[in-house]
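Let us work through this structure by question and answer. Keep the sequence and the 3D view open as you read.

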Amino acid sequence: MDSRESSSSSSSLPEEDASLSLAKQASLLFHSANFADCLTVLRQLLLTKPSDPKVLHNIAIVENLQDGFSNPKKFLEVLNDVKKQSEKFATASGDNVVGANNLESDVVAVSSGNPCLIPQFSAAHSSSIVLNAEFASHVASYNIAVTWFNLSEYSKSFSILEPVYQKIAPISEGIALRICLLLLDVALLSHHASRSAGIIEYIEKISSVRSMISQSESSSSSQQHPPNLVTKASSVPSTPISDISIADSATNASEISLSRSLSEEAEYENLFSTLDMSGQNLSRPVHHSLNDISRTQIDDSIPIIVDLRLKLHLYKVRLLLLTRNLKAAKREVKLAMNIARGNNSMVLFLKSQLEYARGNHPKAIKLLMASSNRTEIGTSVMFYNNLGCIHYRLGKHQTSAIYFSKALSTSSVIRKEKTQNHTHTSFAADKSLLVAYNCGMQYLACGKPILAARFFYKASLIFYNRPLLWLRIAECCLMALEKGLLDSTGAASTSSEIKVHVVGKGKWRNLVIGEEVPKNSRADLIGQSDSSLVNDRQPKLSMTLARQCLLNALQLLNSSESVHMSSGLPSDLAIEDETYSKSTNYKSVSGGDTQAHNLAVASGQVANGELKEQKSTSTPNSTLRDSISDYEDICRKEIQIIRQSILVDLAYVELELGNPLKALSTARSLLNVAECSRVYIFLGNLYAAEALCLLNRLKEAAEHLLIYLSSGHNIELPFTQEDCGLWQVEKIGDCEEFNGGSVATNIASDEGQVFALNPEEARGTLYSNLATMSAVQGDREQADKFVRQALSILPNSPEANLTAVYLDLMLGKSREAISRLKNCSHITFLPGSFAVTGPS
Amino acid sequence: MISRDDSKTLYSLLNSGDLRPFDQISGDFFSSFPASLHFRLCSSLAILLEDKSVLRSSQRLVAYAILYQAYSSQRPSSNPFISLLVDAASDNDAEKFERAFILQLLGSSGSTSIKEVLKQTASDYIKCFDIASHAFPPREQLQQQFCEKINPEQDHCLFKSISVKNVVPDPDVPRGCDVNSSEFDLQPGVQPKIGAGDRNETAAGLLENFSFQGLGPQWIRPRPPRLPVQYDELVWLNPDNHHELLWDNGMCADTSKGAVVRDLIAKALKGPLAPTQQERVLFELVSDPKIVYHSGLTPKKLPELVENNPLIAVEVLTKMIHSTEISEYFTVLVNMDMSLHSMEVVNRLTTAVDLPTEFVHMYITNCISSCENIKDKYMQNRLVRLVCVFLQSLIRNKIINVHDLFIEVQAFCIEFSRIREAAGLFRLLKSLE
């Protein structure tokens, strides 16, 4: 090994010099955006280093910039290759470490004389801390992440950057900051609140650390620990004067004798006086001054990041908006406004988002209007999209639809322009898939399930890991079923009317009561053929598809829940703990704290909650931490609600598909959800009862209904109006006390029947189903009582009326049955237009 | 439901009973309808037969013939309508010729073979019917004969099994008139009066509209509500921050600079460095803040560095304050033997960076117990004095909150109250109380 190294170093030295100067030249050309010449130089460099991953990497970067990001896929492939290769190099050099350690001095000598060794090698042999694969390829990883980011693939970008961030400490500061900022953007866009907070904290730390270092540097010459102290210590021969034995306190009970030198006396006095000089050395460096960062950036030959301070404020605003701490967000926006002179469109957009979140829609619109700069075509996509969001919230669906489609058409214009002329500007990220989701929501709200599903499918390209998306597609299927748009069933699922065929005339007239296809046989055969692919632009809506989507959503929810459900401990400490353990990443950032914290807990010496009292830094970040723990609470609750919603839909779908067993188990798991909404409990009981009936398990079915029976034949309201609160939106208005109470209005009228059932109707439904069940059990008298009560609440329910008719017919009272039918208001008599000529 | 055309065809088959023999009609039935439809058509016929007034006698006989013939290739007991046939055959209210006909179909009565019977037309059969040549076995016997192998049908769904026929006669005749009187039958060539109706029309219409399931009690299955739009479900778009692609400066870069530091640090672990060497290390550490990660230091080696070169240790730890490994270093520092140098390092660290509170507390606890455990009085005094001024410095500089450690520190002061600095510390404590 030794010989190999030395031989290579001696022979290649001039060559290395040459390549070094070529590399410098290439770098200069690159940073002056002279890509063509840069490429020539790089190709030259490649001749001497044919498979150097870093050269290949830079070539890929230049080529990609030169042709204007025309082929991101290929670009990613090249970068991934580069990354893999560097990692291979790194592990290869890691293998050498073992051997190298023994020959430490030799290797060091060689490597110091040889400037162009593989970087990992010279460094990795010495220490376990650093140089590993990540270090070698972090620039490539960053560039991959940037590309995914520009493609709106945030989760991919995130997964690339995260491991880099875990080991960010050794990375040079300029690049580390770039990595942090990108990861922060990605984390915010993918709703990783605690991660985002961690990164913000980290950025603040490193930016202040740098200033501290420079200050201590400048002041060190005047400080009281000049090198002469060391001089003194080392110049005096170390002769033992006395043996002092100090018993080690905790860990080591054995007594260790330490030999002290004469110089120690001097040191002792020195240290003593240093400590005793009260407050003289407390010149704690003042935090902040970000020009240090920009200085390193020049070192790294990266364009200076202009105003990190403003950026950090804006990131905090975004984080606070994400965590719904609107008050703090408002404060932060103000701070940002003070720093940002003039119209910074980013600030205005955020301010508008804040007002939108607060429900102050007119102001949000005003701010949006002020922001643009609509001539910039990329901004106009966002502008229209956001207007669409605002109008959606205002319940103005027509207007909202117009804005969303404008946003989409604008972004398709951008796409066209991009393919036509290759510009050198980095491409504006394509937002159309994000807007597509909004469009889907919009059409779903307008009751156009097929269109909505089409947009959701588009959005699924990037939202495939969001449970909500799949729930929405399932809701499209359910709505299509409701509207009779499913291929298999021509008719609407629950006809709001009874259909009666009138056959014959006069004496021979007969009434044929509505062809009620038994519900459990309404399974759609079409969907069974194949599951529509995600890429299919026109998904075939069906109950089978609905089931698939719901199962998907459930799966995703379970995996995301494992993140959010990890805690639940009540104490302060637990909350702290949770914020740390939430993400391994966060841990790494505040690793010191965590470790020390664990240590403290382990030794039991530190009282609970002490972390909260940590000095300095805490004030601004405690807001962030608080809002994050609040946010995690909110997320948990939201996940619960989504879970309930998925389960209730799934139970319904299984019933529709004629799978009472699955419907039953789904309904049961719904009923087992902790803090389940009473509305969902009601539906769960109803579905479970029906499933049990279909399974001929009447007694168990009855149990699900009888819990609502208070005394005799009276049923209490299964839920109250307040329980329906979930389905009502906040009243829009200019309200400061948004966080507090907000007026709720029922939006059912606006938003196309989110939920039609009110508590009273739910009661009627229970009566009617109890009547049905009593009838099935043969207790006609009871059935009769129940059905009468059902009809007093739901006089127009076709099901209740038919049950009543059934009971009449059962008792042979066909006259009553007929008169009941004739008095029913929701009934259609279809003439039997059948004529046959035959012998009479 | 049967399609309109199918029901028309079927009804015309029923009507042809006056002119054509049974076997021809059933032959037509087989040729007109695919086997998959047979059951549904037969079910409709069965329902139609239930009401005796709808079909005329000849039509009924044809219907029975079809019901039988459709499944004649199998044994009678596997005919799904066998119970209906048996019921009809043993129905005392029914016409005798009808019952006899069914019995003959089933092959349990009469001298003439079934084939010959089927060669007749329906009207001929009725005309030539001779009651004397027929015996009517009781229902039980018939049931035993034909239904024994049928298990009581297992209904899959209760809603179905208890359903009633969904056809209700609703005669539309003037009030007070007898529905059954023949005056409301349609007379050819006569203007139909109010209340008159055509039996044929009704029968065919019923055939079309019959539903096999009948009417059962209805279960209300409310649709699940749509989940309302969530707080941040709609995607709000903000202008993106621009993230440029990065040029890798590591290309062909000089990687040797770490070597010097590594070398010196290795020496620094073994003994105090010469002043120039120390300066060199400090210079390198400052000029490249990341070089510390290439210095070859590990937490295990830290105590040696602290003892031999406390200033370098401080600088190294300061540079690594944000790395993930720093906690390991702190743990080592806290647990190493208390010494002048370790205290110096900790003291300098407290003024240079934010140390985790727990760490400082642990260190103080360690100091205090070290003081208590020293046997040598002289050294103990020295150490106690040092710890006291150290604590005072920490308190004055607000690096620790006294109240967190109050009891512990107070006990320490009292124990060593003979020492001047301890008394001073005690006073400081009291003043802060």
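**Repeat, helix pairs and buried residues**

The model shown here is predicted.

Q: Are α33(A) and α34(A) roughly parallel or roughly antiparallel to each other?
A: Helix α33 of chain A spans residues 780-793, and helix α34 of chain A spans residues 798-810. They pack at an angle of about 150 degrees, with their axes 10 Å apart. Angles over 145 degrees count as roughly antiparallel. Therefore α33(A) and α34(A) are roughly antiparallel.

Q: How many nonpolar residues are in the contact of α33(A) with α34(A)?
A: The crossing of these two helices, α33(A) and α34(A), is left-handed. Residues in the contact include V787(A) and L791(A) of α33(A), and A804(A) and L807(A) of α34(A). By class, two are polar, two are charged and eight are nonpolar.

Q: Are α20(A) and α21(A) roughly parallel or roughly antiparallel to each other?
A: Helix α20 of chain A covers residues 432-445, and helix α21 of chain A covers residues 449-463. Their axes come within 7 Å and cross at roughly 150 degrees. The cut-off for roughly antiparallel is over 145 degrees. So α20(A) and α21(A) are roughly antiparallel.

Q: How many nonpolar residues does the contact of α20(A) with α21(A) have?
A: α20(A) passes α21(A) in a left-handed crossing. Among the contact residues are L433(A) and Y437(A) of α20(A), and F455(A) and I462(A) of α21(A). The contact has one polar residue, one charged residue and 16 nonpolar residues.

Q: Is N143(A) buried or exposed?
A: N143(A) lies in helix α7 of chain A, residues 133-150. Leaving aside neighbours within four places in sequence, N143(A) contacts H57(A), I61(A), L79(A), L245(B) and L246(B). Buried means under 20% relative accessible area. N143(A) has 0%, so N143(A) is buried.

Q: Is E344(B) buried or exposed?
A: E344(B) is found in helix α17 of chain B, residues 340-352. Beyond its neighbours within four places in sequence, E344(B) is in contact with E267(A), L271(A), P310(B) and L311(B). Its relative accessibility is 8%, so E344(B) counts as buried.

Definitions and conventions:
Residues are numbered from 1 along each chain as its sequence is written. Chains are lettered from A and ligands numbered from 1 in the order in which they are written. This is a predicted model: local features need pLDDT of at least 70, side-chain atom pairs count only at pLDDT 80 or more; totals for chains, interfaces and linings use all residues. Side-chain values use heavy atoms; hydrogens and water are left out. Axes are lines fitted to C-alpha atoms, for helices over the stretch in contact, and angles run from 0 to 180 degrees between N-to-C directions. Helices (H or I, at least four residues) and strands (E, at least two) are DSSP runs, numbered from the N terminus. Angles under 35 degrees count as roughly parallel, over 145 as roughly antiparallel, 65 to 115 as roughly perpendicular and the rest as oblique. A crossing is left-handed if the near helix is turned anticlockwise from the far one by less than a right angle, and right-handed if clockwise. Contact means heavy atoms within 4.5 Å. Ala, Val, Leu, Ile, Met, Phe, Trp, Tyr, Cys and Pro count as nonpolar, Asp, Glu, Lys and Arg as charged, and the others, Gly among them, as polar. Buried means under 20% relative accessible area, exposed over 50%, partly exposed in between (1.4 Å probe, protein chains only).
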